[in-house]
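Visitor: Please take a close look at a single part of this model. I would like one connected account.

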Amino acid sequence: MKWTLLAIVAVLAVALSVVLGPAAVPLGELLRSDIVWNLRAPRALLAFLVGGSLGVAGAGLQALVRNPLADPFLLGLSGGAGLGAVIAIALHLSGPWALPIAAFIGALAALGLVYRLGLIGGASLDPRILLLGGVAIGAFAAAITTAIVSLADAAELRNAFLWLWGGLSGASWDSVLLVALYAPIPLVVLLAASRPLDLLALGEESAQYLGADVERVKRRVYLAASLLTAVAVAVSGVIGFVGLVVPHMARLTWGHRHRSLLPAAFLGGGALLAFADTLARTVVAPRELPVGVVTALIGVPVFAFLLKRWTIA
Amino acid sequence: MLRRLSVVVLVLFACHTSARRHENPPAQRIVSLLPSFTELLFAIGAGDRVVGRTQWCDYPPAALSIPSVGDGLPPNIEAVMARRPDLVVLYNAGPNVTAAKQLERAGIQTVLIDVNRLEDLGPATRTLGRLTGREEQAESLAIALDSLAGRPPPPATTSLAFVVWDNPPIIIGHGSYLDQLATQAGARNVFGDIAAPSAQVSLETIVARDPQWIAVLSDSAVPPAFAKRREWRAVRAVRAGHFLLLPGSLFGRPGPRSGNAIQQLRLRLNRNGVGAQHAAPLHGTPSR
């Protein structure tokens, strides 16, 4: 029952996103409209895929670091992606995909550095150090980014920040195809780690006793969640709160078993972002709101409500 | 705000009403912190008294030999003071108000001037004329600029959208100088209904409003990178390669050359319009 309901919500969110938009397209011409085919449909699907990926990445990371505040962008990836994008602009790299590729490389570089820091205490990946390292690397990358922006001449550099918070304006069938081919790999890796992730909630030692290969699971979950986030930031910039709030909402209904929690977080995250993007495109039309503003406006009240429930319980 | 206003009001008051012996003598060492001001100062014959400029001040060519004090926003106070100015001209915006106060405290006369739209140019020119003792030259230029701003626009024969940034798409609205340039050149800004100087819009809005031209401030002769992006090719003008690539030095700033900019834009719209009808799409044309 609850699965049916979630599936209906997800389909509805995507359908709404295709039907509604700032340009008036009559319902009868929906299937023949260029705007719908080339702009709205890929944008709705990209929103769904990115939102779902962020939801799953958030759920995986929260289990890994055993911290309910973990957000996919807490691990320094947004800082790395921003630095990559700014370097691409400063070096005048041209080509339609220069920015997304540079941002992806920047995110991967940050990922590598944070991962290396996480191993600093020896062969065992320390989740606490992952979090601290992520914050530190993110701040460091952001500082270099700001230095480049304030020192370089190019006026367009200031727009790099716009791109980083850009949302889904860059959606096309190319980016949908890219994410649709790429995301399933880390998604399957995370889903395959469901059982050990359940055990990890009991603490690393207990999980080890119960038969989980804790070291391997931690590495896989960290890398898979980060790779999901890296592609999300490359195609749509930093979109906050989806990866933080959706896992908590999913846990309320689906509990702590990751085999059902992760798919629920995917559908929920996808639906939330598709819905938020529809609002971003339509409420102030012909102008548009940054989608991160909308996810925060929806996400924060929900989060506050959840916090209240926790403290009462 | 009040204090910013009072600085200007004081200057105006001093120039308008007090006897000549009470007002500041004409400025001899001026630092200009906006390309528009540098161009205006040269145009009223006070260019030889400009001792500092921003790195963006590239016109007239003689301005390039004046030492630069940086990018000007916010101004580097020490670099400005090192030029030992007796007058600093600043664009009226947030960080500059603080900078002006700091300079005033150091005993340097400052003036904050608005130059956001065509109608600001006349008053700005007169203010600069008074401060430099070039009232007559300033008045004749100001009259020309005022008539430019007050001229009823020609009927629009074509339409365009100014794209400032592609992802997310940021366009120019009614409140901007560029909107005035387009209108005066006989083109309708398809986002003229947006009151703000610039705004983020959805790509599908650009598709739906279907401008004949995509105008971009660019010193390059090739269309911007987003022209090749798949989602942008949903815009008819992008598919047709109808880009107007406008060099920022002439088109990006209000100033004494605004009339020239309008004329150039009109020429390009007409020439490209004819070309586009008869031959392969043109990718804008280099400036003459």
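Guide: Two residues are in contact if their C-beta atoms, placed from the backbone, lie within 7 Å. By that rule, 15 residues of domain 1 of chain B are in contact with 10 residues of domain 2 of chain B. The domains span 2-150 and 158-278, with bounds from an automatic or database domain assignment.

This is a predicted model: local features need pLDDT of at least 70, side-chain atom pairs count only at pLDDT 80 or more, and totals for chains, interfaces and linings use all residues. Residues are numbered from 1 along each chain as its sequence is written, while chains are lettered from A and ligands numbered from 1 in the order in which they are written.

Now strand S9 of chain B, residues 213-217. Strands are DSSP runs (E, at least two residues), numbered from the N terminus. In S9(B), 5 of the 5 residues are buried, so the strand is largely enclosed by the rest of the structure. Buried means that 20 or more other C-beta atoms lie within 10 Å of the residue's own, with C-beta atoms placed from the backbone.

In a regular strand the side chains alternate between the two faces of the sheet. Here B:Trp213, B:Ala215 and B:Leu217 point one way, and B:Ile214 and B:Val216 the other.

S9(B) has pairing partners. Two strands pair if DSSP finds at least two bridges between them. Strand S5 of chain B (158-166) runs parallel to S9(B), joined by 3 bridges. There, B:Phe162 has B:Ala215 as its bridge partner. Strand S10 of chain B (243-246) also pairs with S9(B) in the parallel sense, over 4 bridges. B:Leu217 stands opposite B:Leu246 of S10(B).

Definitions and conventions:
A residue is buried if 20 or more other C-beta atoms lie within 10 Å of its own, exposed if 12 or fewer, and partly exposed in between; C-beta atoms are placed from the backbone.
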